[in-house]
Structure formats: structure tokens, C-alpha cells
Amino acid sequence: MNKPLEGIRVLDCSQFLSAPSAGLKLADLGAEVIKVEKKDSGDICRQLYVSNFKIDNDSSLFHAINRNKQGLELNLKEASAQQSFQALVKTADVVLVNFRPSVAKKLKLDADSIHQINPKIVYGEITGYGEASPWSSWPGQDLLVQGMSGICYLNGDKEQAPLPFGLSMADLAAGEHLCQGVLAGIFNAQQTGEGCVIQTELLTSLMDLQFESFTTFLNNGNELPVRSGFHNANPYIDAPYGIYETINGHLAIAMCPIEKLAELLDYPELTAFMASHSVEHDSDEIKRMLQAKLITQTTEDWLAILEPADIWCTKVLDWQQMEQAGLFEELHMKQTIISSDGTPFYTTRCPIRIDGEIFTSPKGAPTLGEDNLNFGIKET
């Protein structure tokens with residue numbers, strides 16, 4: 001089938017992770033995404049290493065975020081490069097940026113400058129904290145935003161320090177939100193012939209991820225949630241909700257009546273404890289008792305007992321175990337990409353299916369300026 005965004009041209013003028021991840025989603029859905037990078041050095045993400053692993057002398061992170069795109073190298077401080085870029089803007093449907101507002105304006109990448117060239121453009125922008133907020137000049141860096149958002153107080157146990165996620169959650173969430181907004185903008189432009197400005201922030205995106213918890217907080221006298229003192233998984237959900245160690249690994253158990261769990265585990269001590277206690281007031285002690293029991297057998301032993309009884313539980317997998325269990329293959333989540341120098345490597349696919357169709361592409365991330373000549377650009 002034809003991909004739904006075929007015929008849509010996106011100028012991805014962004015860098016790092018947040019907005020480029022939105023461009024990646026649009027590319028996977030069929031848009032022609034042209035990554036515009038600065039002269040000589042390109043996107044800083046090319047040299048932003050999350051590991052020592054490189055592909056084509058660039059960061060594996062860069063390749064993961066910028067596959068399936070074409071690449072231009074332009075010095076937008078020069079008049080000739082501006083002319084080439086503005087000619088592209090006239091043909092584009094979407095422009096993506098994530099610079100600080102002052103930088104975007106200096107490079108004529110701000111919304112007003114773009115809409116003067118093409119009023120039908122959907123202009124998508126990510127900032128750290130919003131251009132008019134008191135924090136607009138602060139660095140829009142993921143860990144800093146996590147620290148400011150309150151989300152670190154949902155992780156870890158009660159006595160632990162605030163615990164950040166092991167992923168760039170602010171960047172990834174903002175990229176998803178920008179992609180959603182841009183899709184709405186494309187629809188609007190096709191209906192009205194008018195462009196628009198789509199904006200989101202790293203901070204508001206992380207706050208949105210907490211909408212369930214914030215709804216309770218904002219309507220409950222601003223009372224803070226209390227993390228479990230033992231095996232915390234969600235400060236608003238009582239025992240047994242959590243991850244427990246077994247002889248050979250870990251077992252995740254979600255919501256279920258403690259009395260039923262005690263019966264299945266052949267655990268009379270827990271049954272007796274529940275006769276005079278409750279999960280609302282004694283959640284930590286219940287979790288400690290469960291841990292003392294679950295450590296006595298293997299994960300597989302417990303699953304053989306709990307799964308037939310329809311207890312929501314699972315083995316906790318590391319990445320190697322995920323692959324051994326066939327998760328990548330069964331869900332078709334692994335695809336082969338060919339880099340510009342012909343090197344094959346693996347990455348995940350777009351998780352969206354349409355009419356059962358999975359969208360993949362072998363096209364890797366572009367080398368710096370790889371497609372300049374294809375777009376008739378000689379001077380950058």
C-alpha cells in the first residue's frame with residue numbers, strides 16, 4: 001500500500017533527539033524528510049555518543065534518529081545558502097525546528113520568516129520550557145527537564161533519592177507530541193489552505209505523561225504521593241504491584257487480591273497477616289513478605305502456578321532475554337538498515353500499522369550534505 005504521507009515534504013532543521021524523532025516518525029509514514037544541517041559540523045548529535053559504538057564515524061544515536069531521511073549541508077548565515085533554503089521552503093509542507101527562539105530568528109528559521117515565504121507551511125517547534133516562560137533561557141536538556149518535572153519522584157523506593165528514567169523521556173515524549181500536532185496541522189492545511197504553528201515543550205510533555213497522577217494531586221488538596229518503601233512501582237498502587245526477585249531472576253506482579261495470591265503461593269503466614277491488616281496501610285510489609293516467599297523458587301515455578309489462575313504477572317526480561325524469547329521476530333520490530341557506505345545494521349521499526357501494514361525502509365541516515373547536488377545546491 002502507499003504510505004499515508006507520500007507527497008508531503010518535511011524540512012527537518014532540528015538537532016539532537018526531540019524534534020528529529022518527530023521527523024523520523026513522519027518519514028516512516030511516507031513523508032519525504034530532508035534533514036538540513038549546518039556547514040562542516042552538522043547536527044551535534046553526530047558526535048553525541050551514548051556508547052562507544054559508531055556507524056560511518058557518526059554516533060549510533062544519530063543513525064537511529066535520522067534514518068530514512070535525505071541530507072543537506074547549508075550555512076544559513078550565508079546569503080546563497082539562504083536562497084537555496086528558501087527555494088526549498090516554497091516546496092515544503094512542514095518545517096521542524098528545536099533551536100532556542102533567538103537562534104531560530106537569527107538563522108531566519110522562526111515561524112514568521114518561514115510563513116513569509118510559504119504561508120501554507122506547518123511549522124513544528126520544540127523548546128525546553130516555552131518561549132514566554134520564566135525558564136525560556138534555560139538549557140532544554142533531558143535530565144534537567146526530568147528533574148524539574150517531578151517525574152523523578154515517581155521512581156525508586158521511598159528512602160531513595162529522586163531517580164531519573166534510563167531513557168531520554170522528555171525528548172521522546174516531546175517528539176511524539178510534535179508529530180501528533182504536525183499531523184493535525186497537515187490535515188488542517190489540506191482543509192483550509194492555511195499553515196499553522198505547532199509548538200510543544202520538553203517540560204509540558206513530561207507533565208502530560210503524568211496526567212493520571214497530576215489529576216489525583218490537583219484534586220486531592222495537593223497531597224504528594226508517597227513512594228513505597230519497598231519495591232516501589234507506582235506510588236498510587238498498593239501491594240502486590242511491583243517487581244520481585246526469585247532464585248534465578250525477577251517476577252513482575254500487577255494488581256490482584258492479596259488473599260488470592262497468598263492461597264496460590266501456599267502462604268498461610270500472609271493469609272493470617274491479612275486477617276488483621278490491609279493493603280492500604282501495610283503495603284510495604286506485604287511486599288516484604290511476598291519477597292521472602294518468592295525468593296525461594298524460580299521465576300518459572302511461580303509462573304506455572306500464577307498464570308493458570310489468571311494472575312497478571314510476567315518474567316522480567318533483559319534485552320538479551322527479549323531477543324531469545326523471540327520478541328523482536330514475533331512482533332517484526334527489527335529491521336535492517338543500510339548506511340551510506342553500504343554497512344548493514346539493525347534498528348527498530350515504526351510501531352504504527354495501518355490496515356495491518358508494517359512500514360519499514362532500508363534507507364540509513366545521510367552523510368553530511370549527501371543530497372546537496374540532488375537538490376541543485378552547490379554553494380552552502
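**Entry 1: helix packing**

I take an axis to be a line fitted to C-alpha atoms, for helices over the stretch in contact, and the angle between two axes runs from 0 to 180 degrees between N-to-C directions. The model I looked at is predicted.

I looked up how helix α7 (residues 169-192) packs with helix α8 (residues 202-209). The angle is about 90 degrees, and the axes lie 8 Å apart. Angles of 65 to 115 degrees count as roughly perpendicular, and therefore α7 and α8 are roughly perpendicular to each other.

Which residues make the contact? From α7 I listed Met169, Ala170, Asp171, Ala173, Ala174 and His177. From α8 I listed Leu202, Ser205, Leu206, Asp208 and Leu209. Sorted by class, the contact of α7 with α8 has seven nonpolar, two polar and two charged residues.

Next I turned to charged pairs. Side chains of opposite charge can pair when their charged atoms come close. For a salt bridge, I need a side-chain nitrogen of Lys or Arg within 4 Å of a carboxyl oxygen of Asp or Glu. By this rule I get a count of ten salt bridges.

One of them joins the side chains of Asp28 and Arg67, with 2.9 Å from N to O. I noted where the partners sit: Asp28 is in helix α1 (residues 18-28), and Arg67 is in the loop between α2 (60-66) and β5 (70-74). They are 39 residues apart, and the pair links distant parts of the chain.

Are these two residues buried or exposed? The cut-off for buried is under 20% relative accessible area. Asp28 has 2% relative accessibility, so Asp28 counts as buried. Arg67 also has a relative accessible area of 2%, so Arg67 is buried.

**Entry 2: the partners of Arg46**

I then looked up Arg46. Glu37 forms a salt bridge with Arg46, and their closest N and O atoms are 2.7 Å apart. Asp58 forms a salt bridge with Arg46 as well, with the closest N and O atoms 2.6 Å apart.

The pair of Asp58 and Arg46 links distant parts of the chain, twelve residues apart. Asp58 belongs to strand β4 (residues 58-59), while Arg46 is in the loop between β2 (32-38) and β3 (54-55).

I checked burial here too. Glu37 and Arg46 are both buried. Arg46 has 3% relative accessibility, so Arg46 counts as buried. Asp58 is buried at a relative accessible area of 11%.

How are Glu37, Arg46 and Asp58 joined? Salt bridges that share partners put these three residues into one network.

How values were computed: Residues numbered from 1 in each chain as written. Predicted model: local features only at pLDDT ≥ 70, side-chain atom pairs only at ≥ 80, totals over all residues. Heavy atoms only, no water. Helix = DSSP H or I, 4+ residues; strand = E, 2+ residues; numbered from the N terminus. Buried < 20%, exposed > 50% of the residue type's maximum accessible area, 1.4 Å probe, protein only. Parallel < 35°, antiparallel > 145°, perpendicular 65-115°, else oblique. Contact = heavy atoms within 4.5 Å. Nonpolar A, V, L, I, M, F, W, Y, C, P; charged D, E, K, R; others polar.
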